[in-house]
Amino acid sequence: MWRQRVFSRVACNILPPNFHRLAFAPMSTQTSPQMLVAVVGVGLVGSEFINQLLSIPVESSPFRLISLSSSSRSVFFEPAKAVTSAQDWKAILSQSNEKPNYETLTEKLSSLRAPSTKVAIIDNTSSSEIAALYPSWLKAGINVITPNKKAYSGDLGLYEAIVSASKESGARFLNESTVGAGLPVISTLKELVATGDKVKKIEGVFSGTMSYIFNEFSTGSPDGPSFSSVVSVAREKGYTEPHPADDLNGFDVARKLTILSRTIGSSSLPSLSSFQSVQTASLIPPALEGIPTGDEFLKKLPEFDTEFDKMRKEASQEGKVLRFVGVVDGIKGDVKAGLEKYPTSHPFATSLGGSDNIIMFHTERYSPRPLIIQGAGAGAAVTAMGVLGDLLKLV
Ligand SMILES: NC(=O)C1=CN([C@@H]2O[C@H](COP(=O)(O)OP(=O)(O)OC[C@H]3O[C@@H](n4cnc5c(N)ncnc54)[C@H](OP(=O)(O)O)[C@@H]3O)[C@@H](O)[C@H]2O)C=CC1
Ligand SMILES: N[C@@H](CC=O)C(=O)O
Ligand code: NA
(Lines give C-alpha, C1' and ligand atoms only; values in the text may rest on other atoms or scores of the structure.)
(Ligands and ions follow the chains in the order given, each with its own letter.)
Protein backbone atom coordinates (compact mmCIF):
# COMPACT_ATOMS: atom_id res chain seq x y z
CA MET A 1 0.00 0.00 0.00
CA TRP A 2 2.75 2.41 1.01
CA ARG A 3 4.54 1.68 -2.21
CA GLN A 4 1.44 2.15 -4.32
CA ARG A 5 1.01 5.56 -2.72
CA VAL A 6 4.55 6.55 -3.57
CA PHE A 7 4.19 5.37 -7.17
CA SER A 8 0.99 7.28 -7.73
CA ARG A 9 2.82 10.38 -6.50
CA VAL A 10 5.41 9.74 -9.21
CA ALA A 11 2.60 9.59 -11.76
CA CYS A 12 1.36 12.94 -10.48
CA ASN A 13 4.81 14.50 -10.95
CA ILE A 14 5.12 15.19 -7.22
CA LEU A 15 8.48 13.71 -6.32
CA PRO A 16 9.27 14.17 -2.64
CA PRO A 17 12.94 15.10 -2.02
CA ASN A 18 13.59 11.75 -0.28
CA PHE A 19 11.80 9.80 -3.03
CA HIS A 20 14.54 7.23 -3.59
CA ARG A 21 14.63 6.24 0.05
CA LEU A 22 10.85 6.21 0.35
CA ALA A 23 10.37 4.14 -2.76
CA PHE A 24 13.00 1.52 -2.26
CA ALA A 25 14.22 1.44 1.31
CA PRO A 26 12.22 -1.65 2.33
CA MET A 27 13.25 -3.62 -0.74
CA SER A 28 16.67 -4.67 0.56
CA THR A 29 14.95 -6.52 3.40
CA GLN A 30 12.65 -8.56 1.17
CA THR A 31 13.34 -10.95 -1.69
CA SER A 32 12.01 -8.64 -4.35
CA PRO A 33 12.06 -9.39 -8.05
CA GLN A 34 14.82 -7.72 -9.99
CA MET A 35 14.42 -5.99 -13.29
CA LEU A 36 17.20 -6.27 -15.85
CA VAL A 37 17.29 -3.18 -18.06
CA ALA A 38 18.70 -2.72 -21.57
CA VAL A 39 18.80 0.82 -22.95
CA VAL A 40 18.71 1.43 -26.70
CA GLY A 41 19.49 5.04 -27.65
CA VAL A 42 21.68 7.19 -25.45
CA GLY A 43 21.01 10.67 -26.87
CA LEU A 44 19.47 13.52 -24.91
CA VAL A 45 16.61 11.57 -23.29
CA GLY A 46 18.54 8.27 -23.12
CA SER A 47 21.48 9.83 -21.24
CA GLU A 48 19.20 11.60 -18.80
CA PHE A 49 17.20 8.39 -18.27
CA ILE A 50 20.38 6.45 -17.44
CA ASN A 51 21.49 9.16 -15.02
CA GLN A 52 18.10 9.16 -13.27
CA LEU A 53 18.08 5.33 -13.13
CA LEU A 54 21.59 5.18 -11.71
CA SER A 55 20.83 7.85 -9.13
CA ILE A 56 18.73 5.26 -7.27
CA PRO A 57 21.11 3.79 -4.66
CA VAL A 58 22.23 0.41 -5.98
CA GLU A 59 21.67 -1.42 -2.69
CA SER A 60 17.98 -0.51 -2.72
CA SER A 61 17.36 -0.50 -6.47
CA PRO A 62 15.43 -3.35 -8.13
CA PHE A 63 16.99 -2.34 -11.46
CA ARG A 64 20.20 -3.69 -13.01
CA LEU A 65 21.41 -1.84 -16.10
CA ILE A 66 22.98 -4.61 -18.16
CA SER A 67 23.06 -3.29 -21.72
CA LEU A 68 23.57 -0.01 -23.56
CA SER A 69 23.36 0.60 -27.30
CA SER A 70 23.91 3.65 -29.47
CA SER A 71 23.46 3.42 -33.23
CA SER A 72 27.07 2.25 -33.61
CA ARG A 73 28.17 0.63 -30.31
CA SER A 74 26.80 -1.77 -27.76
CA VAL A 75 27.75 -3.34 -24.42
CA PHE A 76 26.24 -6.24 -22.52
CA PHE A 77 27.10 -7.36 -18.97
CA GLU A 78 26.09 -10.24 -16.79
CA PRO A 79 23.66 -8.98 -14.10
CA ALA A 80 26.32 -9.30 -11.40
CA LYS A 81 28.53 -6.89 -13.36
CA ALA A 82 25.78 -4.40 -14.22
CA VAL A 83 26.62 -0.74 -14.85
CA THR A 84 26.22 1.18 -11.60
CA SER A 85 28.04 4.45 -12.07
CA ALA A 86 26.47 7.49 -13.69
CA GLN A 87 30.02 8.78 -14.20
CA ASP A 88 31.36 5.78 -16.15
CA TRP A 89 28.71 4.52 -18.54
CA LYS A 90 29.57 6.88 -21.41
CA ALA A 91 33.24 5.87 -21.35
CA ILE A 92 32.31 2.18 -21.08
CA LEU A 93 30.10 2.43 -24.17
CA SER A 94 32.50 4.56 -26.19
CA GLN A 95 35.31 2.04 -25.61
CA SER A 96 33.25 -0.88 -26.89
CA ASN A 97 33.96 -2.30 -30.34
CA GLU A 98 30.71 -4.30 -30.39
CA LYS A 99 28.09 -3.22 -32.91
CA PRO A 100 24.44 -3.42 -31.78
CA ASN A 101 22.84 -6.75 -32.68
CA TYR A 102 19.22 -6.80 -31.58
CA GLU A 103 18.65 -10.48 -32.38
CA THR A 104 21.43 -11.43 -29.98
CA LEU A 105 20.20 -8.92 -27.40
CA THR A 106 16.69 -10.44 -27.57
CA GLU A 107 18.06 -13.96 -27.08
CA LYS A 108 20.31 -12.95 -24.17
CA LEU A 109 17.59 -11.00 -22.37
CA SER A 110 15.01 -13.71 -22.91
CA SER A 111 17.35 -16.35 -21.48
CA LEU A 112 17.81 -14.28 -18.32
CA ARG A 113 14.09 -14.26 -17.51
CA ALA A 114 13.16 -16.17 -14.37
CA PRO A 115 10.29 -16.13 -11.84
CA SER A 116 12.08 -13.46 -9.85
CA THR A 117 13.75 -11.72 -12.79
CA LYS A 118 11.97 -9.52 -15.30
CA VAL A 119 13.60 -7.89 -18.31
CA ALA A 120 12.88 -4.60 -20.07
CA ILE A 121 14.16 -2.76 -23.11
CA ILE A 122 13.97 1.02 -23.00
CA ASP A 123 13.90 2.44 -26.52
CA ASN A 124 15.10 6.04 -26.33
CA THR A 125 15.60 6.42 -30.07
CA SER A 126 13.24 7.90 -32.63
CA SER A 127 13.98 4.98 -34.94
CA SER A 128 11.26 3.18 -36.93
CA GLU A 129 13.57 0.17 -37.35
CA ILE A 130 13.84 -0.22 -33.58
CA ALA A 131 10.07 0.33 -33.20
CA ALA A 132 9.43 -2.53 -35.65
CA LEU A 133 11.21 -4.89 -33.23
CA TYR A 134 8.72 -4.41 -30.36
CA PRO A 135 6.44 -7.35 -31.30
CA SER A 136 9.42 -9.75 -31.29
CA TRP A 137 10.64 -8.36 -27.96
CA LEU A 138 7.20 -8.63 -26.39
CA LYS A 139 6.73 -12.17 -27.72
CA ALA A 140 10.04 -13.07 -26.06
CA GLY A 141 8.63 -11.83 -22.75
CA ILE A 142 10.62 -8.60 -22.76
CA ASN A 143 8.76 -5.53 -21.45
CA VAL A 144 9.08 -2.47 -23.70
CA ILE A 145 9.12 1.13 -22.48
CA THR A 146 9.60 4.08 -24.74
CA PRO A 147 9.15 7.80 -25.45
CA ASN A 148 9.49 6.90 -29.18
CA LYS A 149 6.21 7.61 -30.97
CA LYS A 150 6.98 5.65 -34.14
CA ALA A 151 5.45 2.29 -33.22
CA TYR A 152 2.23 3.49 -31.62
CA SER A 153 1.48 6.07 -34.29
CA GLY A 154 2.79 4.23 -37.35
CA ASP A 155 1.09 1.49 -39.37
CA LEU A 156 -1.98 0.11 -37.66
CA GLY A 157 -0.63 -3.40 -38.37
CA LEU A 158 2.43 -2.76 -36.20
CA TYR A 159 0.30 -1.34 -33.39
CA GLU A 160 -2.00 -4.38 -33.51
CA ALA A 161 1.00 -6.73 -33.53
CA ILE A 162 2.31 -4.98 -30.41
CA VAL A 163 -1.03 -5.28 -28.60
CA SER A 164 -1.42 -8.95 -29.47
CA ALA A 165 2.22 -9.87 -28.67
CA SER A 166 1.79 -8.24 -25.26
CA LYS A 167 -1.45 -10.17 -24.63
CA GLU A 168 0.19 -13.42 -25.72
CA SER A 169 3.25 -13.23 -23.45
CA GLY A 170 2.05 -10.95 -20.65
CA ALA A 171 5.01 -8.62 -21.24
CA ARG A 172 3.93 -4.99 -21.09
CA PHE A 173 4.46 -2.00 -23.34
CA LEU A 174 4.33 1.42 -21.71
CA ASN A 175 4.60 4.72 -23.49
CA GLU A 176 3.74 7.56 -21.08
CA SER A 177 6.38 9.90 -22.51
CA THR A 178 5.08 9.61 -26.06
CA VAL A 179 2.42 12.27 -25.25
CA GLY A 180 3.11 15.27 -23.01
CA ALA A 181 6.56 13.89 -22.05
CA GLY A 182 6.44 13.13 -18.28
CA LEU A 183 2.95 14.57 -17.79
CA PRO A 184 0.50 11.80 -16.77
CA VAL A 185 -1.51 11.91 -20.00
CA ILE A 186 -1.50 8.29 -21.17
CA SER A 187 -2.00 6.88 -17.68
CA THR A 188 -4.90 9.30 -17.07
CA LEU A 189 -6.53 8.41 -20.38
CA LYS A 190 -6.13 4.67 -19.73
CA GLU A 191 -7.77 5.08 -16.33
CA LEU A 192 -10.67 7.11 -17.74
CA VAL A 193 -11.30 4.42 -20.35
CA ALA A 194 -10.75 1.44 -18.02
CA THR A 195 -13.16 2.84 -15.43
CA GLY A 196 -15.90 3.24 -18.03
CA ASP A 197 -15.85 6.99 -18.66
CA LYS A 198 -16.69 8.04 -22.21
CA VAL A 199 -14.13 10.34 -23.79
CA LYS A 200 -15.96 12.87 -25.95
CA LYS A 201 -13.07 15.07 -26.99
CA ILE A 202 -9.42 15.69 -26.20
CA GLU A 203 -7.99 19.03 -27.25
CA GLY A 204 -4.90 21.02 -26.48
CA VAL A 205 -1.36 22.04 -27.23
CA PHE A 206 0.54 18.78 -27.61
CA SER A 207 3.92 19.91 -28.89
CA GLY A 208 6.52 21.35 -26.53
CA THR A 209 8.38 22.75 -29.51
CA MET A 210 5.33 24.40 -31.08
CA SER A 211 4.25 25.66 -27.67
CA TYR A 212 7.65 27.24 -27.00
CA ILE A 213 7.84 28.71 -30.52
CA PHE A 214 4.42 30.38 -30.43
CA ASN A 215 4.58 31.40 -26.75
CA GLU A 216 7.73 33.36 -27.69
CA PHE A 217 6.83 34.37 -31.23
CA SER A 218 3.17 35.37 -30.94
CA THR A 219 2.34 37.25 -27.76
CA GLY A 220 -0.37 39.51 -29.13
CA SER A 221 2.10 42.17 -30.21
CA PRO A 222 2.59 42.70 -33.98
CA ASP A 223 6.38 42.44 -33.56
CA GLY A 224 8.85 40.21 -31.76
CA PRO A 225 11.70 37.80 -32.38
CA SER A 226 12.06 36.16 -35.79
CA PHE A 227 10.41 32.78 -36.32
CA SER A 228 13.68 31.07 -37.29
CA SER A 229 15.46 32.36 -34.17
CA VAL A 230 12.87 30.88 -31.79
CA VAL A 231 12.95 27.56 -33.66
CA SER A 232 16.74 27.46 -33.17
CA VAL A 233 16.38 28.14 -29.44
CA ALA A 234 13.73 25.39 -29.14
CA ARG A 235 16.24 23.00 -30.66
CA GLU A 236 19.07 24.17 -28.34
CA LYS A 237 16.77 23.58 -25.38
CA GLY A 238 16.27 19.94 -26.45
CA TYR A 239 12.55 20.29 -27.20
CA THR A 240 12.60 19.42 -30.90
CA GLU A 241 12.70 16.05 -32.57
CA PRO A 242 16.15 15.08 -33.87
CA HIS A 243 15.05 16.85 -37.11
CA PRO A 244 13.05 20.01 -36.20
CA ALA A 245 11.03 19.68 -39.42
CA ASP A 246 9.29 16.68 -37.77
CA ASP A 247 7.81 19.19 -35.31
CA LEU A 248 7.09 22.02 -37.75
CA ASN A 249 5.30 19.81 -40.25
CA GLY A 250 2.79 18.93 -37.51
CA PHE A 251 3.65 15.22 -37.74
CA ASP A 252 4.78 15.05 -34.12
CA VAL A 253 1.35 16.32 -33.03
CA ALA A 254 -0.39 14.03 -35.53
CA ARG A 255 1.53 11.10 -34.02
CA LYS A 256 0.43 12.06 -30.51
CA LEU A 257 -3.20 12.39 -31.60
CA THR A 258 -2.98 8.95 -33.23
CA ILE A 259 -1.64 7.46 -30.00
CA LEU A 260 -4.45 9.07 -27.98
CA SER A 261 -7.03 7.98 -30.50
CA ARG A 262 -5.81 4.37 -30.43
CA THR A 263 -5.66 4.41 -26.64
CA ILE A 264 -9.31 5.49 -26.52
CA GLY A 265 -10.10 2.74 -29.05
CA SER A 266 -13.63 4.03 -29.63
CA SER A 267 -15.71 3.06 -32.63
CA SER A 268 -16.84 6.70 -32.96
CA LEU A 269 -13.28 7.69 -33.93
CA PRO A 270 -11.88 7.06 -37.39
CA SER A 271 -9.65 3.97 -37.47
CA LEU A 272 -6.36 5.69 -38.33
CA SER A 273 -4.22 3.52 -40.57
CA SER A 274 -1.27 5.68 -39.45
CA PHE A 275 -0.56 9.24 -38.22
CA GLN A 276 -0.68 10.28 -41.87
CA SER A 277 -4.47 9.85 -41.78
CA VAL A 278 -4.71 12.80 -39.35
CA GLN A 279 -5.72 16.09 -41.01
CA THR A 280 -2.52 18.06 -40.41
CA ALA A 281 -1.60 21.59 -41.47
CA SER A 282 2.18 21.77 -41.96
CA LEU A 283 4.15 24.94 -41.21
CA ILE A 284 7.02 23.95 -43.49
CA PRO A 285 7.41 26.21 -46.51
CA PRO A 286 7.17 23.94 -49.60
CA ALA A 287 10.72 24.93 -50.64
CA LEU A 288 12.09 23.47 -47.39
CA GLU A 289 10.37 20.10 -47.59
CA GLY A 290 12.62 17.06 -47.75
CA ILE A 291 15.81 18.74 -46.47
CA PRO A 292 17.73 15.81 -45.01
CA THR A 293 19.46 17.39 -42.01
CA GLY A 294 18.23 19.62 -39.21
CA ASP A 295 21.28 21.90 -39.55
CA GLU A 296 20.64 22.56 -43.22
CA PHE A 297 16.94 23.11 -42.55
CA LEU A 298 17.64 25.71 -39.86
CA LYS A 299 20.14 27.48 -42.10
CA LYS A 300 17.48 28.04 -44.76
CA LEU A 301 14.54 28.81 -42.45
CA PRO A 302 15.37 32.59 -42.04
CA GLU A 303 14.53 33.07 -45.74
CA PHE A 304 10.88 32.55 -44.74
CA ASP A 305 10.77 34.76 -41.63
CA THR A 306 8.76 37.49 -43.40
CA GLU A 307 5.90 35.03 -44.12
CA PHE A 308 5.64 34.15 -40.44
CA ASP A 309 5.91 37.85 -39.51
CA LYS A 310 2.88 38.50 -41.69
CA MET A 311 0.84 35.80 -39.92
CA ARG A 312 1.80 37.26 -36.53
CA LYS A 313 0.75 40.77 -37.61
CA GLU A 314 -2.60 39.55 -38.95
CA ALA A 315 -3.38 37.72 -35.71
CA SER A 316 -2.34 40.75 -33.66
CA GLN A 317 -4.62 43.05 -35.68
CA GLU A 318 -7.54 40.77 -34.71
CA GLY A 319 -6.46 40.89 -31.03
CA LYS A 320 -5.32 37.26 -31.25
CA VAL A 321 -2.29 35.00 -30.87
CA LEU A 322 -1.20 31.97 -32.90
CA ARG A 323 -1.16 28.52 -31.28
CA PHE A 324 -0.62 25.08 -32.81
CA VAL A 325 -3.36 22.83 -31.46
CA GLY A 326 -4.64 19.31 -31.85
CA VAL A 327 -8.09 17.75 -31.41
CA VAL A 328 -9.40 14.20 -31.10
CA ASP A 329 -13.15 14.64 -31.40
CA GLY A 330 -15.13 11.51 -30.63
CA ILE A 331 -18.45 13.24 -31.29
CA LYS A 332 -17.65 14.60 -34.74
CA GLY A 333 -15.27 11.71 -35.47
CA ASP A 334 -12.45 14.17 -36.30
CA VAL A 335 -8.73 14.00 -35.58
CA LYS A 336 -6.84 17.10 -36.68
CA ALA A 337 -3.86 19.38 -36.01
CA GLY A 338 -3.13 22.90 -37.17
CA LEU A 339 -2.31 26.53 -36.44
CA GLU A 340 -5.23 28.48 -34.99
CA LYS A 341 -5.83 32.03 -33.76
CA TYR A 342 -7.02 32.57 -30.18
CA PRO A 343 -8.07 35.78 -28.38
CA THR A 344 -5.32 37.11 -26.08
CA SER A 345 -7.65 36.33 -23.13
CA HIS A 346 -7.92 32.59 -24.02
CA PRO A 347 -6.14 30.11 -21.67
CA PHE A 348 -3.93 28.98 -24.61
CA ALA A 349 -2.70 32.60 -24.72
CA THR A 350 -2.56 33.46 -21.03
CA SER A 351 -1.55 30.30 -19.19
CA LEU A 352 1.14 28.68 -21.34
CA GLY A 353 4.86 29.38 -21.04
CA GLY A 354 8.09 27.64 -22.04
CA SER A 355 7.46 24.19 -23.53
CA ASP A 356 4.12 23.79 -21.72
CA ASN A 357 1.56 21.36 -23.05
CA ILE A 358 -2.07 21.72 -22.07
CA ILE A 359 -4.38 18.76 -22.53
CA MET A 360 -8.12 18.99 -21.90
CA PHE A 361 -10.17 15.82 -21.56
CA HIS A 362 -13.90 16.34 -22.16
CA THR A 363 -15.62 13.21 -20.93
CA GLU A 364 -19.04 12.16 -19.72
CA ARG A 365 -17.82 12.52 -16.12
CA TYR A 366 -15.66 15.60 -16.70
CA SER A 367 -18.43 17.70 -18.21
CA PRO A 368 -19.13 20.55 -18.73
CA ARG A 369 -15.72 21.40 -17.22
CA PRO A 370 -12.86 19.31 -18.62
CA LEU A 371 -10.09 17.50 -16.78
CA ILE A 372 -6.96 19.56 -17.56
CA ILE A 373 -3.31 18.54 -17.44
CA GLN A 374 -0.68 21.20 -17.96
CA GLY A 375 3.10 21.53 -17.64
CA ALA A 376 6.37 21.12 -19.49
CA GLY A 377 5.74 18.84 -22.44
CA ALA A 378 9.29 18.47 -23.74
CA GLY A 379 12.87 18.44 -22.48
CA ALA A 380 15.18 15.65 -21.40
CA ALA A 381 14.52 15.76 -17.63
CA VAL A 382 10.72 15.52 -17.79
CA THR A 383 10.74 13.01 -20.64
CA ALA A 384 13.21 10.70 -18.89
CA MET A 385 11.14 10.99 -15.72
CA GLY A 386 8.09 9.70 -17.63
CA VAL A 387 10.17 6.77 -18.92
CA LEU A 388 11.50 5.94 -15.45
CA GLY A 389 7.96 6.30 -14.07
CA ASP A 390 6.82 3.62 -16.55
CA LEU A 391 9.68 1.35 -15.47
CA LEU A 392 8.62 1.77 -11.84
CA LYS A 393 5.14 0.56 -12.80
CA LEU A 394 6.67 -2.82 -13.67
CA VAL A 395 8.22 -3.56 -10.26
N1 LIG B 1 13.38 15.53 -26.38
C2 LIG B 1 12.16 15.58 -25.89
O3 LIG B 1 11.73 16.56 -25.27
C4 LIG B 1 11.25 14.42 -26.08
C5 LIG B 1 11.62 13.34 -26.83
N6 LIG B 1 10.77 12.30 -26.99
C7 LIG B 1 11.21 11.17 -27.80
O8 LIG B 1 12.36 10.60 -27.18
C9 LIG B 1 13.16 9.98 -28.18
C10 LIG B 1 14.60 10.44 -28.03
O11 LIG B 1 14.65 11.84 -28.22
P12 LIG B 1 16.01 12.65 -28.00
O13 LIG B 1 16.78 12.01 -26.94
O14 LIG B 1 15.59 14.06 -27.86
O15 LIG B 1 16.73 12.43 -29.41
P16 LIG B 1 18.31 12.27 -29.67
O17 LIG B 1 18.50 12.46 -31.13
O18 LIG B 1 19.08 13.13 -28.74
O19 LIG B 1 18.60 10.76 -29.29
C20 LIG B 1 18.23 9.69 -30.08
C21 LIG B 1 19.36 8.70 -30.04
O22 LIG B 1 18.92 7.51 -30.69
C23 LIG B 1 20.07 6.88 -31.18
N24 LIG B 1 19.73 5.89 -32.20
C25 LIG B 1 19.17 6.07 -33.41
N26 LIG B 1 19.02 4.89 -34.03
C27 LIG B 1 19.50 3.95 -33.19
C28 LIG B 1 19.63 2.54 -33.26
N29 LIG B 1 19.22 1.86 -34.34
N30 LIG B 1 20.17 1.88 -32.21
C31 LIG B 1 20.58 2.56 -31.12
N32 LIG B 1 20.50 3.89 -31.00
C33 LIG B 1 19.97 4.58 -32.03
C34 LIG B 1 20.92 7.99 -31.73
O35 LIG B 1 22.23 7.52 -31.58
P36 LIG B 1 23.50 8.03 -32.41
O37 LIG B 1 23.76 9.36 -31.84
O38 LIG B 1 24.50 7.01 -32.10
O39 LIG B 1 23.04 8.06 -33.85
C40 LIG B 1 20.61 9.16 -30.79
O41 LIG B 1 21.61 9.37 -29.85
C42 LIG B 1 12.52 10.35 -29.53
O43 LIG B 1 11.72 9.28 -29.97
C44 LIG B 1 11.64 11.55 -29.19
O45 LIG B 1 10.52 11.67 -30.03
C46 LIG B 1 9.54 12.24 -26.42
C47 LIG B 1 9.11 13.27 -25.62
C48 LIG B 1 9.91 14.47 -25.43
N1 LIG C 1 9.47 17.28 -30.17
C2 LIG C 1 8.47 16.93 -29.22
C3 LIG C 1 9.11 16.26 -28.07
C4 LIG C 1 8.15 15.57 -27.23
O5 LIG C 1 7.38 14.72 -27.65
C6 LIG C 1 7.74 18.16 -28.74
O7 LIG C 1 8.22 19.24 -29.04
O8 LIG C 1 6.70 18.04 -28.10
NA1 NA D 1 3.04 11.75 -20.78
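Over residues 184-392 the chain is 41% helix and 21% strand. The end C-alpha atoms of this stretch are 14 Å apart. Helices (H or I, at least four residues) and strands (E, at least two) are DSSP runs, numbered from the N terminus. In UniProt, an unreviewed entry annotates residues 184-392 as "domain: Homoserine dehydrogenase catalytic". UniProt positions follow the numbering used here, feature names are shortened, and annotations may be inferred rather than shown by experiment.

The model is predicted: local features need pLDDT of at least 70, side-chain atom pairs count only at pLDDT 80 or more, and totals for chains, interfaces and linings use all residues. Residues are numbered from 1 along each chain as its sequence is written, while chains are lettered from A and ligands numbered from 1 in the order in which they are written.

The unreviewed UniProt entry lists Lys 256 under "active site". Lys 256 belongs to helix α14 (residues 251-264). Lys 256 is buried because 30 other C-beta atoms lie within 10 Å. A residue counts as buried if 20 or more other C-beta atoms lie within 10 Å of its own, as exposed if 12 or fewer do, and as partly exposed in between; C-beta atoms are placed from the backbone. Not counting residues up to four places away in sequence, Lys 256 touches Lys 149, Thr 178, Val 179, Phe 206 and Gly 326. Contact requires C-beta atoms, placed from the backbone, within 7 Å.

Ligand 2 is surrounded by Ala 181, Ser 207, Gly 208, Thr 209, Tyr 239, Thr 240, Glu 241, Asp 247, Asp 252, Gly 377 and Ala 378. Each has its C-beta atom, placed from the backbone, within 6 Å of the ligand. This shell divides into 3 nonpolar, 5 polar and 3 charged residues. Here Ala, Val, Leu, Ile, Met, Phe, Trp, Tyr, Cys and Pro count as nonpolar, Asp, Glu, Lys and Arg as charged, and the others, Gly among them, as polar.

Helix α12 (residues 227-236) has buried residues Phe 227, Val 230, Val 231, Ala 234 and Arg 235. Seen down the axis of α12, these fall within an arc of 145 degrees, so they line one face of the helix. The arc is taken over the directions from the helix axis to the C-beta atoms. The cover over the buried residues of α12 includes α11 (208-217), α15 (294-300) and α16 (305-317). Just after α12, Gly 238 adopts a positive phi of about 85 degrees.

An open sheet of 6 strands runs in the order β8-β10-β9-β7-β11-β12, with mixed pairing. Its edge strands, β8 (279-280) and β12 (371-376), each pair on one side only. Two strands pair if DSSP finds at least two bridges between them. Strands β9 (residues 320-329) and β10 (residues 334-343) run antiparallel and are joined by 10 bridges. Phe 324 stands opposite Leu 339 in β10.

Another open sheet has 6 strands in the order β3-β2-β1-β4-β5-β6, also with mixed pairing. Strands β1 (residues 34-40) and β4 (residues 117-123) pair in the parallel sense over 7 bridges. Val 40 has Asp 123 of β4 as its bridge partner.

Ala 384 lies in helix α18 (residues 380-393). Ala 384 is buried, with 26 other C-beta atoms within 10 Å. Leaving aside neighbours within four places in sequence, Ala 384 contacts Val 45, Glu 48, Phe 49 and Gln 52. The C-alpha atoms of Ala 384 and Lys 108 are separated by 25 Å, with the two residues 276 apart along the chain.

Technical notes. Contact = placed C-beta atoms within 7 Å.
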